[in-house]
Amino acid sequence: MTLSTRGAAQAPAVLVLEDGRSFRGRAYGAEGETFGEAVFSTGMTGYQETLTDPSYHRQVVVMTAPHVGNTGVNDEDDESGRIWVAGYVVRDPARVPSNWRSRRSLDEELVRQGIVGISGVDTRALTRHLRERGAMRVGIFSGDALAGGGLNDEAALTARVLEAPGMKGANLSAEVAATETYVVPAVGTKRFTVAAIDLGIKGMTPRRMAERGIEVHVLPATATLDDVYAVEPDGVFLSNGPGDPATADLTVVKGVLERGTPLFGICFGNQLLGRALGFGTYKLKYGHRGINQPVQDRSTGKVEVTAHNHGFAVDAPLDRISDTPYGRAEVSHVCLNDNVVEGLRLLDRPVFSVQYHPEAAAGPHDAAYLFDRFTSLMNTVPMEGPRA
Ligand SMILES: NC(=O)CC[C@H](N)C(=O)O
């Protein structure tokens, strides 16, 4: 158990939204200033995985769960080598974290990694504001950033927020992805080789494949089609990742589709597949983030409770099969809260994707069957040449 001595004694901080609304609180984590897109996450647990998910790069995450940090920070649950959120907003941080795996408090970890946060904010009011007005740019200011009376000059702080870049048009995968290929070995007998394109991949994703006998070659976001086929893959995987899918290069995805290699994409990967098929993508008003989102698999009618983190979505028709340059495609999964497209499937090729996070780190394991589906596609496709 680690005792945190900070909390109520922390310096004043202020959160300022681009539309001028502001919230006062206390510094949490590092003091200073930070900017990003304000988004809210409804996960009640799993904050360590959220913080270290590269898809949150350049986003300031507001936690709707009121108590955050209760189980501290451990050495096992990180989803990447660092915290990626641009800032962190909580209502009531734990003063005494307690868990057998805890090594330090969340506050200490945020300080250690220089992540500026704010606590003591009415996160319900802030979330309702974002739901009504949509995700928008935000700044958090504390310590030196408020020296000279900044706390009382919110117009000046709002002007600074308005200078920060937005999420639309942001091309961010290369900023978060590995620069060198690495291999996650199959657990037990190796059955397949998969080339996974790292657009901001989480650590659990290759592990979920490895558990199924897959040797995963994780390739940088900049990998070419030749790099992909150099590993002689039985299947190709497109990962999650930050930024606007409209900015991504689709050459590799289209090349894989042409060859008919089994393909599975998640989240950003689903959006890239959608765009490669000729569908558009658009920015949702406030996105889906959390570990309790109901999704229906339209092929079985089954409802799964799933982990999400997306601000963009694919624009594809729900009521009919679409003709694409790679054959017929359908919307395979849909979000039951708002009918947003949550999955795509090609009818003539071994290709599918989902908009959510079947690796479930954190989250319910309802969607684990999707990794089995990918494995069975590789099982049935002859190695040489396209199937379609
Ligand atoms: N988790 C992800 O892959 C997110 C995809 C994309 N950046 C979005 O916000 O929709």
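The mean pLDDT of the protein chain in this predicted model is 95, and 96% of its residues reach 70 or more. The scores for the model are ipTM 0.97 and pTM 0.95.

**Ligand shell**

Around the ligand stand Ser55, Asn240, Gly241, Pro242, Gly243, Cys267, Phe268, Asn309, His310, Gly311 and Phe312. By residue class, the shell holds four nonpolar and seven polar residues, with no charged residue. Strand 16, which spans residues 303-315, makes the greatest contribution to this shell, with four residues.

**Annotated active site**

An unreviewed UniProt entry lists Cys267, His357 and Glu359 under "active site". These positions are spread over 93 residues of sequence, yet they cluster in space, with a largest C-alpha distance of 11.2 Å.

His357 occupies the loop between strand 20 (351-354) and helix 10 (369-380). Their C-beta neighbour counts are set out below.

| Residue | C-beta neighbours inside 10 Å | Class |
|---|---|---|
| Cys267 | 29 neighbours | buried |
| His357 | 26 neighbours | buried |

Cys267 counts as buried because 29 C-beta neighbours lie inside 10 Å, where 20 or more are required. Beyond four places in sequence, Cys267 is in contact with Ser55, Asn240, Asn309, His310, Gln355, Tyr356 and His357. The corresponding contacts of His357 are Asn240, Ile266, Cys267, Ala307, His308, Asn309 and Gly363.

**Helix 3**

Helix 3 covers residues 123-133, and its buried residues are Thr123, Leu126, Thr127 and Leu130. These residues lie on the same side of helix 3 because they cover an arc of only 100° around the axis. An α-helix has 3.6 residues a turn, so residues three or four places apart point the same way. The other side of helix 3 carries the exposed residues Arg124, Ala125, Arg128 and Glu132.

The buried residues of helix 3 are covered by elements including strand 2 (22-29), strand 3 (33-41), strand 4 (59-63), strand 6 (87-89) and strand 15 (280-297). Just after helix 3, Gly134 adopts a positive phi of about 95°.

How values were computed:
Residues are numbered from 1 along each chain as its sequence is written. This is a predicted model: local features need pLDDT of at least 70, side-chain atom pairs count only at pLDDT 80 or more; totals for chains, interfaces and linings use all residues. A residue is near a molecule or strand if its C-beta atom, placed from the backbone, lies within 6 Å of it. Helices (H or I, at least four residues) and strands (E, at least two) are DSSP runs, numbered from the N terminus. Ala, Val, Leu, Ile, Met, Phe, Trp, Tyr, Cys and Pro count as nonpolar, Asp, Glu, Lys and Arg as charged, and the others, Gly among them, as polar. A residue is buried if 20 or more other C-beta atoms lie within 10 Å of its own, exposed if 12 or fewer, and partly exposed in between; C-beta atoms are placed from the backbone. The arc is that of the directions from the helix axis to the C-beta atoms. Two residues are in contact if their C-beta atoms, placed from the backbone, lie within 7 Å. pLDDT is the predictor's confidence in each residue, from 0 to 100. UniProt positions are given in the numbering used here, feature names are shortened, and annotations may be inferred rather than shown by experiment.
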